[in-house]
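The sequence and structure are shown first.

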Amino acid sequence: MKSILILITLGLSLGSVQARDFGRSSSFTGKRGTGSRAVAGNVTRGAASRTATTTGAKGRTVTDSQQVNRTANGRTSTGTATGPNGKTATTSGSVTHADGTRTATRSATGANGQTKSETTTTTRNK
């Protein structure tokens, strides 16, 4: 009876996983001077997000972010990057698994609006 109660308690505690936030910052020194980088994110069951901001020695800032979500048979992701000139590039992708076949799709749109896409399919040997 005690072992059943322990297993039920363990199962309930594992089933109620809370979101976890994380963050870190650092500075760096190079030939052009000193800069900084800050990263912050959040992880929950089935999803994760991250944002990073880098400031160079001349005060120019680049910001990028990424979001990954788990799906029933794989995952999807989206991302953006904004340069010091304010122009933004975006990325998206997905990976699915079904019947021994893995399909990965990637797409990126540059700041000039040009889009490139790629799909890769891998089949497991039986």
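## Basis

This is a predicted model, in which local features need pLDDT of at least 70, side-chain atom pairs count only at pLDDT 80 or more, and totals for chains, interfaces and linings use all residues. Residues are numbered from 1 along each chain as its sequence is written, and side-chain values use heavy atoms, with hydrogens and water left out.

## Architecture and surface

Helices (H or I, at least four residues) and strands (E, at least two) are DSSP runs, numbered from the N terminus.

Of the 126 residues, 10% are buried, that is, under 20% relative accessible area with a 1.4 Å probe, protein chains only. The accessible surface is about 9,500 Å² (Shrake-Rupley method, 1.4 Å probe), and carbon and sulfur atoms account for 54% of that surface.

## Asp 99

In the loop between β6 (88-98) and β7 (101-109) lies Asp 99. Asp 99 is not a glycine, yet its phi is positive, at about 50°. Most residues other than glycine have a negative phi. Asp 99 is exposed (over 50%), with a relative accessible area of 74%.

## Largest pocket

The largest pocket holds about 160 Å³ of space, a volume being the space filled by probe spheres set on grid points joined across faces, edges and corners. A pocket is an open set of points on a 1 Å grid over the protein atoms alone, where a 1.4 Å probe fits, with protein on both sides within 12 Å along at least five of seven lines; lining residues have an atom within 4 Å of a point.

β5 (74-82), β6 and β7 each contribute at least two lining residues. The lining comprises three nonpolar, six polar and three charged residues; among its members are Val 68, Arg 75, Gly 93, Arg 102, Arg 106 and Thr 120. Here Ala, Val, Leu, Ile, Met, Phe, Trp, Tyr, Cys and Pro count as nonpolar, Asp, Glu, Lys and Arg as charged, and the others, Gly among them, as polar.
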